[in-house]
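Biologist: I would like to go through this model one feature at a time. Please end each reply on the value or name I ask for.

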Amino acid sequence: MDINLRFFSRLSQWVTNVIAPNSSLKSESDDAQQGLISLKTIASQYPQGQLQPSLPQRPFYSTEYFISRQSQSEQMLEVINLWRHHHGEVSAIVAPAGAGLSAFLGHMPTLLQQIRDDSENKPTPQAKALPDKWLIMSFYQAPLSALEAIIYVCHCFNISPPNTITDSSITETIYAINQQQPQLIIIDDLHKLMLRMMGNNQALVTFATIIMETRKHHCWILGCEKYAWQRLSAQYQITHFIKHVITIDYFNASDLAILQTRQLVDLGLISTDYLEPIDNGVNEHAKKAPVSDDKKEAVNPYHDQLKQLYTISQGHPKLAALLLQYSLSHQNEISSAEHHKTDICKINASALQLCQDNDLFSLAEIYVHGGLKVEQHAHIFAQTIEQSSLQLSYLARHGFVIAQYSQQDFAEHFYFITPTLTKIIANHLVNNNKLFN
């Protein structure tokens, strides 16, 4: 009889957790009284929703609260101008999860408007006209065949895909795309195209071929998570066909303070006098409004808390926002020598230390893919659906991942790491040699 010891070990852990008496389990209040917040509590703050559709169109982002990435914006402007001057190449923007990559991609139409304004002031006859159309897409489900890849790309241009895959049908698709009006096509979550399942490698090759053969006519910009990009580079040599790579990191202390000050204003805790003018990066010649002497002397009453938020979150904006709101709402439970002063909860990540190697490998795959279904996890780790279901349930029960459940089939349950936990878990995986560094 073939006995899978790892499976029964996980089953034993699952049974132990289910029948454990409630009195032996630490509560959220216990952590709060020690000035801590657990990973499970952080994960539980994520709003539950339905499974993501296959081909959602992303919204554009308002520039009102956009924190300018001046260096990256200038690089992006250069990329678009190179394309306009007939030097079009595929570009990628790479950032760790939760660092604001999608917000930056959603800011592209504003950058286009800046180029349009500059072009009207200084017209260049030899340059292409700016695209009248732009589209932000994210492939939540990786294509598992060349035909699916073509269908996804044709969706970007609202053209009919071929019924079958042949050399001529791919050629005809490329020709049809190049007959369309020039567009700016932004594909977010590039790591969704790298799922290690049968047929996906050919799907990735087909997708890459199409964008390479249309890059002179259409402006392609791809967004990818940092560690997924490193794996794509090592396993798929993606850098062979992507010319420009722009990197984004988490916010520095100053920019994070601007974001969190806005949150304090929205919560009604401080006045708008403490807000700094937002530099949205639209006009590089614009200067911030002068600050009055009264405001220069005024010190944000939450100055110390903003410093704590940066130290604890390491510049992760969503994590910082959650920590601030959670800490404010649990002040009565937090023990402190200075009760008059607001304390920021620290993160209790001790549960990660209990993970076995197979747990960490699962978390690494979930992280780089942006989430996995039970059946996908089973395929990657060459195990049964039932084994994967138990392992993923174990990770969810400890707050490392959360699930979006399918009503029809438990193999379709989708597990992912919440945006607020990405940096914490990625750092642990890197320190344990489970992610490229």
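Biologist: Which residue in strand 5 is the bridge partner of Leu 184?

Modeller: This is a predicted model, in which local features need pLDDT of at least 70 and side-chain atom pairs count only at pLDDT 80 or more, while totals for chains, interfaces and linings use all residues. Residues are numbered from 1 along each chain as its sequence is written, and side-chain values use heavy atoms, with hydrogens and water left out. Strands (E, at least two residues) and helices (H or I, at least four) are DSSP runs numbered from the N terminus. In strand 5, Leu 184 has as its bridge partner Cys 219.

Biologist: How many bridges join strand 4 to strand 5?

Modeller: Two strands count as paired if DSSP finds at least two bridges between them. Ile 187 also has a bridge partner in strand 5, namely Leu 222. Strand 4 (residues 183–188) and strand 5 (residues 219–225) run parallel, and the number of bridges joining them is four.

Biologist: Which residue stands opposite Gly 223 of strand 5?

Modeller: Strand 5 also pairs with strand 2, in the parallel sense and over five bridges. Opposite Gly 223 stands Ile 93.

Biologist: In what order do the strands of the open sheet with parallel pairing lie?

Modeller: At the edges are strand 3 (133–138) and strand 6 (244–247), each of which pairs on one side only. Neighbouring strands of this sheet are turned against each other by 15 degrees on average, direction ignored. The sheet has five strands, and their order is 3-4-5-2-6.

Biologist: Are the residues of strand 5 buried or exposed?

Modeller: A residue is buried under 20% relative accessible area, exposed over 50% and partly exposed in between, with a 1.4 Å probe and protein chains only. On one side of the strand are Cys 219, Ile 221, Gly 223 and Glu 225, on the other Trp 220, Leu 222 and Cys 224, and both faces are covered. Strand 5 is largely enclosed by the rest of the structure because seven of its seven residues are buried.

Biologist: At about what angle to strand 5 does helix 10 run?

Modeller: Angles run from 0 to 180 degrees between N-to-C directions, along axes fitted to C-alpha atoms, for helices over the stretch in contact. Contact means heavy atoms within 4.5 Å. Helix 10 (residues 226–236) lies across strand 2 (91–95), strand 5 and strand 6, and its angle to strand 5 is about 110 degrees.

Biologist: What kind of pair do the rings of Phe 157 and Trp 220 form?

Modeller: Rings of Phe, Tyr and Trp (its six-membered ring) pair if their centres lie within 6.5 Å; planes under 30 degrees apart count as stacked, over 60 as edge-to-face and the rest as tilted. By this rule there are four aromatic pairs. The centres of Phe 157 and Trp 220 are 5.9 Å apart and their planes stand at 65 degrees, so this pair is edge-to-face.

Biologist: How many residues apart in sequence are the parts that Phe 157 and Trp 220 tie together?

Modeller: Both residues are buried, Phe 157 at 4% relative accessibility and Trp 220 at 1%. Phe 157 lies in helix 7 and Trp 220 in strand 5, so the separation in sequence is 63 residues.

Biologist: At what distance from the ring centre of Phe 251 does Arg 69 lie?

Modeller: A charge sits over a ring if NZ of Lys or CZ of Arg is within 6 Å of the ring centre and within 35 degrees of the ring normal. Lys 434 lies over the face of Phe 361, at 5.1 Å from the ring centre. Arg 69 lies over the face of Phe 251, at a distance of 4.2 Å.

Biologist: How far apart in space are the C-alpha atoms of Trp 134 and Cys 219?

Modeller: Trp 134 is found in strand 3 and counts as partly exposed because its relative accessibility is 26%. In sequence, Trp 134 and Cys 219 are 85 residues apart, and their C-alpha separation is 9.3 Å.
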